[in-house]
Amino acid sequence: MISNILKKKCPVCQKGNIFEKSGLFGFMSIQKMNKNCPNCNHRFEKEPGFFFGAMYISYALCILEAALSFLIYLSLGIDDKYLIYLLIAPIIFLWPFNYKMSRVIWMHII
């Protein structure tokens with residue numbers, strides 16, 4: 001299941017791609033999501049607002065990224081007056097990743 005989440009594959013057949021394009025350069029870009037699985041025709045968005053729960057997954061990912069950033073900045077001994085900016089920077093930089101991964105994780109959980 002974890003490898004399918006990281007590969008962004010269909011939760012039913014584990015073969016079809018959830019997003020239209022994938023690859024190394026798709027890591028930091030917002031891509032269009034397929035409506036149905038190209039392999040098994042499973043519908044990804046079951047009802048309007050289905051991905052509302054993915055917002056909670058995205059929030060958890062942001063908290064994890066901020067906590068890891070905080071530990072890195074503490075180990076580097078960075079001045080406290082810049083800490084808030086250094087905690088927000090990875091969250092802003094990684095928002096496309098959080099967007100895609102939160103949807104994929106939500107689909108695999110539900």
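Tutor: Buried means under 20% relative accessible area, exposed means over 50%, and partly exposed lies in between (1.4 Å probe, protein chains only). The model is predicted: local features need pLDDT of at least 70, side-chain atom pairs count only at pLDDT 80 or more, and totals for chains, interfaces and linings use all residues. Residues are numbered from 1 along each chain as its sequence is written, and side-chain values use heavy atoms, leaving out hydrogens and water.

Student: What share of the contacts joins residues 24 or more positions apart?

Tutor: Contact means heavy atoms within 4.5 Å. Among contacts with a separation of 6 or more, residues 24 or more positions apart account for 60%.

Student: Is S69 buried or exposed?

Tutor: S69 counts as buried because its relative accessibility is 8%. S69 is found in helix α2. Leaving out residues up to four places away in sequence, S69 touches L86, L87 and P90.

Student: What does the side chain of S69 reach?

Tutor: A polar contact is a pair of N or O atoms within 3.5 Å; within protein, one must be able to donate a hydrogen and the other to accept it, and residues adjacent in sequence count only if both atoms are side-chain atoms. The S69 side chain reaches the backbone oxygen of E65 at 2.8 Å.

Student: Where is K9 found?

Tutor: K9 is found in the loop between α1 (2–7) and α2 (54–76). K9 is buried yet has no salt bridge. A salt bridge needs a side-chain nitrogen of Lys or Arg within 4 Å of a carboxyl oxygen of Asp or Glu. For K9, the nearest side chain of opposite charge is E20, 15 Å away. Lys and Arg count as positive, Asp and Glu as negative; His and the chain ends are not counted.

Student: Which side chain makes a polar contact with that of K9?

Tutor: The side chains of K9 and N17 are joined at 2.7 Å.

Student: Why does I88 count as partly exposed?

Tutor: I88 counts as partly exposed because its relative accessibility is 40%. I88 is found in helix α3.

How values were computed:
Helix = DSSP H or I, 4+ residues; strand = E, 2+ residues; numbered from the N terminus.
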